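Student: I have a structure open and would like to talk through how its parts pack together. Could you help me?

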Amino acid sequence: MALTETRPETPAPSPVGATPITVDGLLGTGDHKTIGRLFIGGGLIGLVGGLIVGIAAIFYANNYDDLAAASIDYLPQVWSLSRDLVLLGGLVPILVGLAVYLVPLQIGAPSLAFPRGAAAALWTWYLGTALLILAYVFNGGPGGGRRDFVVLWAAALAMMVGSLVWAMVCIATTALGARTHGMTLERVPHTTWGFLVFSIVGVLSLPIMMAELLLAFVRIRYLHLPIDQSASLTAVTDGVSLPPALYWIGIPVLAMAADIIGVHTGRPVRFHRSILVVIGLFGVLSYGADVVGLGSVRGVDFENGLLVFGLLAAVVPVLAVLALTGDSIRAGAFVPRTALVGALLSGLLLLAATVVALLGLVEPIMGFLDELFPDSIDMTNSLVLNGTRFHEGIRALVVGAALVAAIAALHHWSVKIWGRRLAESLGFVSILAAAGGAVLLAAGEVAAGVDDQPWLPVRATDDYPAGLAAISLIGAAVLAAGGLVLAADMAMSLLGRKPAGSSPTEWRGSTLEWATPSPPPVGNFPAAPIVTSANPLADGELRYADGTAWAGDGSSADDADQPVAVEAGEEAR
Amino acid sequence: MTDVTPYEYIPAVVPPPEPARPRLLLLATSLVSVAVGMGFMGLIGHYVSERAVVIAAGERWLPDGVVIPLTQPNFMGLTLAFSVITIWWSVAAIKNDDRPNAFIAFAVTLVFGFAFLAQTAYLFTIMQLEILTSERSALIYAIIGAHMVITAIAMGFAAVMALRTLGGDYSSRDYEGVLCSALFWTMMVALYGVMWYAIYITK
C-alpha cells in the first residue's frame with residue numbers, strides 16, 4: 001500500500017545552548033537534567049581545584065628544607081582543603097549530578113522526585129562550597145588562625161554535607177518510588193541500583209559527619225578549643241575519607257562500570273541480579289564496617305574485629321563485579337573506547353585499593369596470633385601501618401578509581417547529557433593520567449607508610465627519602481593533570497563542537513535512557529514506557545503506555561529512520 | 001439494527017494507566033527521618049563515649065554546682081507522649097474525613113510542641129549550666145539544642161500539613177502528607193526518649 005500521508009514533523013531535539021540560558025531560568029529550574037549538569041560542572045571545578053591543592057599538600061608534607069624554615073605551617077589547612085574539595089566539593093557532587101541526571105531516565109520517569117528540593121540542594125551546595133573556600137582564604141579551617149573563619153568552615157562544610165544528603169534523599173526516593181511500568185527493583189539498570197545504594201549509604205553515614213561538624217562548631221565557637229589546636233579538626237572528615245567508609249564512593253564506580261562494559265562490548269552483562277546483589281553487599285560492607293568502628297579512636301581502628309572483617313570482605317564484591325563483567329569482555333567485542341577502557345581501569349583501581357588496604361591488617365592479625373600463641377610469634381617485625389601515610393595511599397587509589405569512572409561515564413553518556421561528544425583522544429589522555437597518577441601517588445604514600453612516616457597533616461621526618469617524596473609529588477601532579485584534561489575536554493566540547501545530532505554514537509545501550517533523543521526533552525519520554533526485562537531496548541520492542549512503540553533513537557513512534565538498538569559489538573561480530 | 005456486540009467496543013489491549021506515584025513523600029520522609037536520627041544518634045554517641053572517658057578517669061561528669069532536675073524532663077517527656085497520641089489522632093481523623101477533629105488534633109499537637117519548647121527553655125534557666133564553663137556543658141547544649149531544632153522542624157511540618165488539610169489537599173483518599181507529618185513527629189519524640197535517658201536520667 002502506498003503511503004500517501006506525509007509523516008508529521010517532529011521537533012528536533014534541542015541541544016544545550018540552542019535555547020538561551022538565562023539566570024532566572026537556571027536559578028529557578030526544576031528540570032533534573034539542568035540540575036544534574038550544574039552539579040557535574042560545579043563538581044568538576046571543585047575536583048580540579050582540590051587535586052591542584054593536593055599537590056601543594058604533598059609538597060608541604062614532604063618536609064623540604066626551605067619550607068621547614070617557614071614560620072607558618074600551612075599543611076593542615078592545605079591538606080584539609082584538598083580533602084574537602086576532592087571529596088565533598090568534587091567527586092561526590094559529580095556522582096550526585098550523574099545520578100540526578102541519569103536515574104529518572106533509566107527508570108522511565110519524567111522527572112526526579114522533588115525537583116525543586118534537588119535544585120535547593122544544588123544551590124545550597126554551591127553556596128556552602130563558596131563559603132568553605134572563603135573560610136580557608138581568610139585563614140580558617142582546620143589549622144586556621146582566625147576563630148571566626150574556623151567557625152565558618154564548620155558551618156560551610158555542614159551546608160555542603162546537608163545539601164548532598166538532601167540530594168541523595170531525592171535520588172533514592174526517585175529510584176524507589178518513581179519507576180515506570182514493569183521496572184521492578186531487580187530490573188533497574190546497574191547504574192541506577194548503584195546510585196540507590198550510594199544514596200542510602202550516604203543518607204545513613206553523612207549525618208554522623210554533620211553531628212561531628214556541629215560539635216566542632218560548638219567547641220570552636222564557645223572557646224573550648226584553643227585556636228592553636230584547631231588542626232585537630234581535620235579528624236572531622238576522617239569518617240568518610242578512610243577505608244572502609246571511603247569505599248562508599250566506589251559503589252557507583254562498580255555499577256557504572258558494569259553498565260558501560262555491557263554496552264561497549266555489545267554483550268549486556270549476563271548476571272544482572274548477581275551484580276545487583278554484590279553491589280548491595282559492597283554498600284553494606286562499607287557502611288557496616290564503618291558503623292562498628294564508631295566510638296573508637298579516630299582513624300582506622302585495626303583492633304576492631306568487625307572492621308578487620310569488613311576490610312577483608314570488601315575485596316569480594318569488587319572481584320565479583322569484575323569477574324561477572326569479564327564474561328561480557330570475553331564473549332563480546334572489545335572496542336577500545338575511552339568509556340570502556342575507563343570502566344575497566346576504574347574497577348581495577350578499586351580492586352587495588354581494597355587489596356592494598358589489606359596490608360593494614362597484618363598488624364591486628366599478627367596481634368591476634370600473638371595472643372593465641374604468645375611464644376611462637378615474633379611481633380617485632382610486624383608491618384605496622386595504622387596511623388601512617390599508608391592511609392593516603394588507599395585514598396589515592398579510591399579517588400583515582402572514582403575519577404576514572406567519572407571520566408568514563410561522562411564519555412559514555414555525554415551525548416545524553418550535553419548533546420555533544422567528548423574527544424576520544426583527550427579522554428584517553430585524561431584516563432591514563434588519572435589512573436597513572438593515582439597509582440604513582442598511592443605507591444609513594446604506601447612506601448612512606450612502610451617507612452613509618454606519620455599520617456598527614458604531620459610532616460615527614462627529616463630522614464624521609466627524597467625519592468619517595470618525588471614519587472608522591474609526581475603522582476599528585478599527574479592525577480591533577482588528568483582532572484584538568486577532563487575539564488578542558490568538556491569545555492572544548494561544550495563551546496567548540498557541534499551537537500552530535502540524531503545518531504550521535506556508535507554504541508547504543510539497552511536501558512531506557514537510550515530510547516530518548518540526545519539530549520532528552522522535558523518530560524524525557526512521550527509516555528510512560530512499559531518494561532518487561534532488565535534490557536528493555538535489547539529486542540527493540542519497547543512500548544509506551546499510550547500504545548505507541550519505540551522504534552529508534554528518538555522518542556517518536558514513527559522515527560523509523562533511526563537505527564534500531566544495535567550494539568556496537570554485535571556489528572563488529 | 002447493528003450486528004456489533006457491545007464487547008467489540010472494548011479494545012483488546014488497554015493501555016495501562018500512568019504509573020501510580022504515591023508514597024514519594026512517605027519515602028522521602030522516611031529517609032529524612034533516618035538521616036536526622038543518624039545525626040542525632042551520632043551526637044548521643046559522642047556524649048556517651050566522652051562521658052564514659054571522664055567517669056573512667058574518676059571525675060564528675062557534670063560541672064560543679066550543676067543539677068539537672070528530673071521533674072522537668074519527665075513532664076517534657078509526658079508532653080511529647082501526649083503529642084504522639086494527638087498527631088496520630090489527626091491521621092485517624094483525616095482517614096475518616098473528619099476535618100474538624102483533624103484540625104483540633106493538629107492544633108493540640110502544636111500546643112504540645114510549644115509547651116515542650118517552653119519547658120526546655122525553663123529547664124535551661126534552672127539547670128544553671130553555663131555554656132562557656134566547660135566543653136561538657138557545650139556538648140549538652142549542642143544535643144538539647146539540636147533536638148529543639150528538630151522539634152521546631154516537626155512543628156513546621158505539622159503546621160504546613162494542617163494548612164494543606166485546611167485547603168482541602170488531604171482527605172480519606174489521600175492523606176499521605178498528614179501521615180508523613182505524624183511519622184516525623186514520632187521520630188522526634190523517639191529521639192527525645194533517647195536523649196531523656198542519656199542526658200537527663202544518667203546525667
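Predicted model: local features only at pLDDT ≥ 70, side-chain atom pairs only at ≥ 80, totals over all residues.

Student: What area is buried between chain A and chain B?
Tutor: Buried area is the accessible area (1.4 Å probe) that two parts lose on being put together, summed over both. Carbon and sulfur atoms give 78% of the total here. In chain A, the residues losing the most area to chain B are A:His181, A:Leu215 and A:His224, together 21% of what that side buries. The area buried between the two chains is about 2,500 Å².

Student: Which residue of chain B forms a salt bridge with A:Arg219?
Tutor: A salt bridge needs a side-chain nitrogen of Lys or Arg within 4 Å of a carboxyl oxygen of Asp or Glu. The count between chain A and chain B is one. In the pair with A:Arg219, the closest N and O atoms are 2.7 Å apart, and the partner is B:Glu135.

Student: Within chain A, are H13(A) and H15(A) roughly parallel or antiparallel?
Tutor: Helices (H or I, at least four residues) are DSSP runs numbered from the N terminus; these two cover residues 338–357 and 390–418. Their axes, lines fitted to C-alpha atoms over the stretch in contact, with angles from 0 to 180 degrees between N-to-C directions, come within 8 Å and cross at roughly 165°. Angles under 35 degrees count as roughly parallel and over 145 as roughly antiparallel, so H13(A) and H15(A) are roughly antiparallel.

Student: How are H13(A) and H16(A) oriented to each other?
Tutor: H16(A) spans residues 424–450, and the two axes lie 10 Å apart. They pack at an angle of about 10°. H13(A) and H16(A) are therefore roughly parallel.

Student: And how are H16(A) and H17(A) oriented?
Tutor: H17(A) covers residues 466–496. Its axis comes within 7 Å of that of H16(A), and the two cross at roughly 155°. That makes H16(A) and H17(A) roughly antiparallel.

Technical notes
Residues numbered from 1 in each chain as written. Chains lettered and ligands numbered in written order. Heavy atoms only, no water. Parallel < 35°, antiparallel > 145°, perpendicular 65-115°, else oblique.
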